[in-house]
Amino acid sequence: MTIQFKDESFRGDFTYANSPSNIPRFPFPFPEDEYMYSTNIEPHHAARAGSPFENAFDVDEHYVAEMKDRALVLADDPGRCQALPHMETAGWDFLELVMVSKARDYPDLFKLTMDGDRWHWINKPLQIDDTFTFGDSSTLPCHPMEYIGRQVQGDHAILDQRDGNLWMDAGIITAQADWSLDFDIGMNFFEWHAPVPLAHELGVFQRALKFLLTLPQGQPSRRLNWTLTVNPRLDTSPENYPKWGPDRMTVTPENIGEKVHLRVELQTFWRLPRSNAILFPIRTYLMAMNEVVTQPKWARRIHRVMRDLRPELVEYKGLSRYHPILVEWLSQFDDGAPTSPGI
Ligand code: HEM
């Protein structure tokens, strides 16, 4: 398989866009005409060749551009990558999982050669060719989590497991939907989820934590989460709110199709072998509303989901400013035909 990597930006002139062939593989997140939080976790099995679920860590046409954007964020704010001292082993676990998976799934792009602890890693798209000693951080240019986190799409949090809870003790987070690693570092599962409305009362987090605490190694799971973002901006962090918050005021009925993006997070959960930590990749996919409505099934459904979205979710997800305009704009694509369950 050959992927044509795009030269594009997630800031400034915002040249990011999906190629027509990339649109149908978007992980559309709505299996029904209405949406509410649930404990929507399923096995992360390989599924549908060509889909984002085909491989352990999906690589697509945006890979190189996303890694450039991450480097810009880290240069500006090193606090987006933090690991408490006990998380180094987990960093090596993460590095191993990504290298082994990518070399297996994309042999034309990545190559890993292991000679005992001596590892040789080639990442062709990013032009990296490094040899290092596995487990010895002095042989890498930085912490193993940062080294591999700069080479894999999506943000990554690593959760330590102790006292019957998960603790956000490490992460490389540069493309987040309005939450802060610097604020959440050291928090537990219920603490960092505290701002989410309705889900606590529904028992979503109690069930999810119970499931994750017994997650076995070699049996990863996944779920989809979503929000909307104005402009194809990856870095919508609280730290940079002054840069992107005002964008919400720029949405008009005329520009909404190109400005408002459906932002879907493919979240996966991996038990790590040496540290017993959980790796939590949050892989973000962005798609302009103009692109979403090219698929009639999606167009109908997203109109109904947005129209009937609970006010608490509209507010929490930061959509209040342009939600009515969006629903009105989407209504032109909804012919009222019934939809069947599933995506
Ligand atoms: C939101 C982290 C697992 C459900 C969030 C937020 C963070 C987060 C940082 C943003 C909270 C804020 O507003 O500041 C994580 C981490 C996980 C994890 C590190 C790995 C263990 C889960 C699981 C579920 C879940 C397993 C449910 C099955 C949610 C929901 C939201 C949320 C519903 C609100 C999202 C929205 O409306 O956009 N999570 N989460 N999370 N999380 Fe998690």
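Biologist: Which elements each supply at least two residues of the lining of the largest pocket, and what makes a residue part of a lining?

Modeller: Keep in mind that this is a predicted model. A residue joins a lining if it has an atom within 4 Å of a point of the pocket. On that basis β7, α4 (181-184), α5 (189-192), α6, β8, β9 and β10 each give at least two residues to the largest pocket. The largest share, seven residues, comes from β8.

Biologist: What volume does the largest pocket have, and which residues lie nearest its centre?

Modeller: The volume is about 1100 Å³. There are 47 lining residues, and A177, W179, V196, N225 and Y316 lie nearest the centre.

Biologist: What makes a lining residue nonpolar, polar or charged, and how many of each class does the largest pocket have?

Modeller: Asp, Glu, Lys and Arg count as charged, while Gly is placed among the polar residues. Sorted in this way, the lining of the largest pocket holds 28 nonpolar, eleven polar and eight charged residues.

Biologist: And the second largest pocket: which residues lie nearest its centre, and which element gives the most to its lining?

Modeller: P29, F30, P31, S38 and N40 lie nearest the centre, out of 19 lining residues. β8 gives the most here, with five residues. The space amounts to about 450 Å³, and the lining divides into ten nonpolar, four polar and five charged residues.

Biologist: Which element gives the most to the lining of the second largest cavity?

Modeller: That is α1, with four residues. The second largest cavity holds about 90 Å³ of space. Its lining includes E66, M67, D69 and R70, along with I282 and T284. The classes of this lining come out as four nonpolar, four polar and four charged residues.

Biologist: Now the sheets. What is the strand order in the open sheet of seven strands, and why are β1 and β2 called edge strands?

Modeller: The order is β1-β8-β9-β10-β6-β7-β2, with antiparallel pairing. β1 (42-43) and β2 (81-83) each have a single partner strand, so one side of each has no neighbour in the sheet, and that places them at the edges.

Biologist: How do you know that β1 and β8 pair?

Modeller: Pairing takes at least two bridges between the strands. Two bridges join β1 to β8 (residues 221-230), so the pair qualifies. Within it, P43 stands opposite S221. As for helices, α6 (residues 204-213) packs on this sheet, touching β6, β7, β8, β9 and β10. The direction of α6 makes about 80 degrees with that of β7.

Biologist: What is the order in the sheet of three strands, and how do you know that β4 and β5 pair?

Modeller: The order is β3-β4-β5, in an open sheet with antiparallel pairing. β3 (110-115) and β5 (128-133) are the edge strands, each pairing on one side only. Six bridges join β4 (residues 118-123) to β5, against a requirement of at least two, so these strands pair. W119 stands opposite F132 in β5. Helix α2 (residues 88-105) packs on this sheet, touching β3, β4 and β5. The direction of α2 makes about 120 degrees with that of β3.

Notes
Residues numbered from 1 in each chain as written. Predicted model: local features only at pLDDT ≥ 70, side-chain atom pairs only at ≥ 80, totals over all residues. Heavy atoms only, no water. 1 Å grid on protein atoms, 1.4 Å probe; cavity = no way out; pocket = protein on both sides within 12 Å on 5 of 7 lines; lining within 4 Å. Points joined across faces, edges and corners; volume = space filled by probe spheres on them. Contact = heavy atoms within 4.5 Å. Axes fitted to C-alpha atoms, helices over the stretch in contact; angles between N-to-C directions.
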